[in-house]
Amino acid sequence: MRQAGRYLPEYRAIREKAGSFLNLCFDSKLAAEVTLQPIRRFGFDAAILFSDILVVPHGLGQRVTFEVGEGPRLDAIDEPSAQQRLRDNVDHEKLAPIYETIRRVKQELPPEVALLGFCGAPWTVATYMIAGCGTPDQFPARIFAYRHPQAFSELIDLLVDASAEYLVRQFEAGVDAVQIFDTWAGVLPAAEFQRWCIEATARIVTAVRQRVPGAKIIGFPRGAGTELSNYLAAVPVDAIGLDWMIELAFARTHVQSLRPVQGNLDPLALLVGGKALDDSVDAILDAFTEGPFIFNLGHGVLPDTPIEHVEQLITRVRGAAVRL
């Protein structure tokens, strides 16, 4: 979960050299280097492609920028007519540097280290496209979906097709597995979660596997809680990412019994370190190590996280693995 980033001095040096975040994403040489940095420093078992979920709107013709200290800015689709500015399909020429990044990283990774690609789920990507920025509550997209259900459905359809094609291209370039991030899934009521998250993600998985049989896909509907059982019943992902908010015993009984789980350390515990981190790691290991399990965070590494806390985490997890 966001392996590379501002917590690493080597990343900050390259970020300054690139000039802007999107320049870094679309410079395949620099993006490959950033992808490899955490592997060199920490020896993780998988590398995560350095990119962003908003490259898909960029590929659909929406203007996307990243303001320092403020996050993404897009030309908001605040009314149905604004969707006419979008392309009917994603422009893969714009995304070609990302595929080249994958090829570069794959050539340099040790054979035992997996390479993970990703995309944003349609609902989450749509929230940024409609609001024009990140919002704490996703009100703009939720209101748009209620007021203009047909237009919103058309936007989701466009994102389903674009995301599936984007993931297929990632597999063709060399990734071993992909994750579909639905960061804002948890803000929706059950019926809307079913329509905009479950159904849309299921369509992406089906479309990808039609082109890449056996494609390994991880789902991450953050904040889904008890709706995870419905998600897993309908979305044929190979594993499920867990956020840090889910209760461990519930996840072990009702989620891990259905699919391998990935997660779910609170990023704040990693930020704090010390006993809080050790206790959190131990609780997760106690809950999940009797079944299929990938240790990970419940969301991304925070920018102010001390490097020594990441090292503490790795030592704790790998020490437990040796004892097991």
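Q: What is the volume of the second largest pocket?
A: It comes to about 880 Å³. Of the 34 residues lining the second largest pocket, Phe44, Asp45, Ile294, Phe295 and Asn296 lie closest to its centre. This is a predicted model, where local features need pLDDT of at least 70 and side-chain atom pairs pLDDT 80 or more, while totals for chains, interfaces and linings use all residues. Residues are numbered from 1 along each chain as its sequence is written, and side-chain values use heavy atoms, with hydrogens and water left out.

Q: What makes a space a pocket, and what makes it a cavity?
A: Both are sets of points on a 1 Å grid over the protein atoms alone: in a cavity a 1.4 Å probe fits but cannot get out, whereas a pocket is an open set with protein on both sides within 12 Å along at least five of seven lines. Lining residues have an atom within 4 Å of a point. Points are joined across faces, edges and corners, and the volume is the space filled by probe spheres set on them.

Q: Which element gives the largest share of the second largest pocket's lining?
A: That's helix 14, with seven residues. Helices here are DSSP runs of H or I with at least four residues, strands are runs of E with at least two, and numbering starts at the N terminus. Strand 1, strand 4, strand 5 and strand 9 are among the elements that each supply at least two residues.

Q: How many residues line the largest pocket, and what is its volume?
A: The largest pocket has a volume of about 1500 Å³, and 45 residues line it, with Arg2, Arg6, Phe21, Asp52 and Phe66 nearest its centre. Helix 1, helix 3, strand 2, strand 3 and helix 12 give two or more residues each to that lining.

Q: How many cavities of 30 Å³ or more turn up?
A: One. The largest cavity has a volume of about 40 Å³, and its lining is Trp123, Arg142, Ala145, Tyr146, Leu188, Glu192 and Trp196. Helix 7 and helix 9 are the elements that give two or more of those residues.

Q: Why is Gln256 called buried?
A: Because its relative accessibility is 9%, and buried means under 20% relative accessible area with a 1.4 Å probe and protein chains only (exposed is over 50%, partly exposed in between). Gln256 sits in the loop between helix 11 and strand 8. Beyond neighbours within four places in sequence, its contacts (heavy atoms within 4.5 Å) include Ala251, Val261 and Phe288.

Q: What puts Ala4 in its accessibility class?
A: Ala4 has a relative accessible area of 11%, so it counts as buried too. Ala4 lies in the segment before helix 1 and touches Tyr11, Val34, Pro38 and Phe50, leaving out residues up to four places away in sequence.
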